Amino acid sequence: MPVVDEIREANRSYASDFAKGDLPMPPGRKFAVITCMDARLDPAKFLGLDEGDAHVIRNAGAVVTDDALRSLIISHHLLGTQEAVVIAHTDCGMLTFKDEELQDRLDTEVEFHAFPNLEGNVRAGVKKIEDSSLLPDTFVVRGFVYDVKTGGLSEVT
């Protein structure tokens, strides 16, 4: 069975007894998570989240791109988030190449945001959020690395 058929069947089962349609739009715990799209990461599980608790913004590498920052600003100003966490992870594919290599291979100038240092990327993301003139000084942001082998989080300072 093709994967799309499997997920459609799973959704039918999920929707058949769905009882969370009255959750409010703002995240209940007033925070956002910026993390990687890696399939090994399930932020709801490793952060103890339920539906409606947090906004989860995902991209390759948990990079705080302008688009991720845009989502975070909307999350704060329109939906009340007061905190954010940036969570990268060990064994990240974004550490395995350089933008120039992929740009040459694909004959493009698209920026892929590869990085050579995991903790450095987290620190840069936290700083970009802290430095944003569109978020107040009271907005709290912290950085972490998730270990794909142990499931544990380590704070990046």
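Me: Let's start with Ser-75: leaving aside neighbours within four places in sequence, which residues is it in contact with?
Reply: Bear in mind that this is a predicted model. Ser-75 sits in helix H3, which covers residues 66-79. Leaving aside neighbours within four places in sequence, its contacts are Ala-32, His-55, Gly-80 and Thr-81.

Me: Is Ser-75 buried or exposed?
Reply: The cut-off for buried is under 20% relative accessible area. Ser-75 comes in at 2%, so it counts as buried.

Me: And Val-3, buried or exposed?
Reply: Val-3 is in helix H1, residues 3-16. Together with Val-4 and Ile-7, Val-3 makes a nonpolar surface patch of about 290 Å². Exposed means over 50% relative accessible area. Val-3 has 58%, so it is exposed.

Me: Which residues touch the most other members of the largest nonpolar core?
Reply: That core has 37 residues. Elements giving two or more residues to this core include strand S1 (31-36), H3 and strand S3 (83-89). The residues touching the most other members are Leu-72, Val-86, Ile-87, Val-122, Ile-129 and Leu-135.

Me: What is the bridge partner of Tyr-146 in S5?
Reply: S4 pairs with strand S5 (residues 153-156) in the antiparallel sense, over four bridges. Not counting residues up to four places away in sequence, Ile-87 touches both Tyr-146 and Leu-153, among others. In S5, the partner bridged to Tyr-146 is Leu-153.

Me: Which residue in the hairpin of S4 and S5 takes a positive phi?
Reply: This hairpin has six residues between the strands. The phi in question is near 85°, and the residue is Gly-151.

Terms used:
Residues numbered from 1 in each chain as written. Predicted model: local features only at pLDDT ≥ 70, side-chain atom pairs only at ≥ 80, totals over all residues. Heavy atoms only, no water. Patch = residues over 30% accessible without salt bridge, like charges linked within 9 Å, V, L, I, M, F, W, Y side chains within 5 Å. Areas by Shrake-Rupley, 256 points an atom, 1.4 Å probe, with all protein chains shown as cover. Salt bridge = Lys/Arg side-chain N within 4 Å of Asp/Glu carboxyl O. Buried < 20%, exposed > 50% of the residue type's maximum accessible area, 1.4 Å probe, protein only. Contact = heavy atoms within 4.5 Å. Core = buried A, V, L, I, M, F, W, Y, C linked by side-chain atoms within 4.5 Å. Pairing = 2+ DSSP bridges.
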